[in-house]
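User: Please examine the structure shown below and answer my questions about its fold.

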Amino acid sequence: MRKNIVAGNWKMNTTVSEGVELAKEVNAALKAAKANCDVVICVPFTHLCPVAAAIDATVLGLGAENCADHKSGAYTGEVSAAMVASTGANYVILGHSERRQYYGETSETLREKVALALENNLKPIFCIGEVLEERENGTFNEVVRCQVEEGLFNLSAEDFGKIVLAYEPVWAIGTGKTATAEQAEDMHAFIRGVIAEKYGKEIADNTSILYGGSCKPSNAAELFAKPNVDGGLIGGAALKCADFMGIVSAF
Ligand code: PGA
């Protein structure tokens, strides 16, 4: 059966020393009170090695927030999936809406990134979600269907089984405006149906689909109680140990 996961997305926040401190705090909190879900922190590239050294991988997973769409070579400033894996990380967020919006990531580049992540045994946390205009004009289901189909449906069933999905309505990210638990559940059930059409019910039932967008301790329990919501991808609230643990303990 699918796993429940709470994953932090630190985005472009904290210096290395601040990040190591935060990771240590989360690690200690998880040692003190065992979580009822998998817990992961996705951190800036610069933080991966020191954070990997500071945490216990048996209680806290580690991921990057992106990786390159090429294997290696003359791509100044890029960080490859192999480099990420060599730090000890085992997850990578791909296709976050901020990457799609500000850095022009397309489904085509994302297919390359997903393939390279999988080759290097990194588990992609693949993000999808509509913008406000699409929510309001009613095209949100089709937008998300397209993102899933274009980004992932080239994968074999075996490889698709390694993907974690994160539904993040763009209008809810960092805005304080959370999707209602019903809106999240409806979309997650829709996404699971899209997966079932392509890969069958068993694979669809085994896929973890996380919700992201202003998830916080006060709304996590209601969201996670929905049958198709298998956890959260947490931005702002992942930057304070107490808030992040408040979300983890919603399971
Ligand atoms: P937020 O971000 O929790 O700050 O809304 C979520 C995300 O972008 O992954």
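User: How many helices and strands are there in the chain?
Analyst: This is a predicted model, in which local features need pLDDT of at least 70 and side-chain atom pairs count only at pLDDT 80 or more, while totals for chains, interfaces and linings use all residues. Residues are numbered from 1 along each chain as its sequence is written, and side-chain values use heavy atoms, without hydrogens and water. Helices (H or I, at least four residues) and strands (E, at least two) are DSSP runs numbered from the N terminus. The chain contains 12 helices and eight strands.

User: Why is the chain described as being as compact as a globular protein of its length?
Analyst: The globule rule, 2.2 Å times the number of residues to the power 0.38, is compared with a radius of gyration over C-alpha atoms. For 251 residues the rule gives 18 Å, so the chain is as compact as a globular protein of that length, with a radius of gyration close to that value, at 17 Å.

User: Are the residues on the two faces of strand β6 buried or exposed?
Analyst: In a regular strand, side chains alternate between the two faces of the sheet. In β6 (residues 164-167), Val164 and Ala166 lie on one side and Leu165 and Tyr167 on the other. With buried meaning under 20% relative accessible area, exposed over 50% and partly exposed in between (1.4 Å probe, protein chains only), these four residues are all buried.

User: Which residue of β7 stands opposite Tyr167?
Analyst: Two strands pair if DSSP finds at least two bridges between them. β6 and β7 (residues 209-212) pair in the parallel sense over three bridges. Opposite Tyr167 stands Tyr211.
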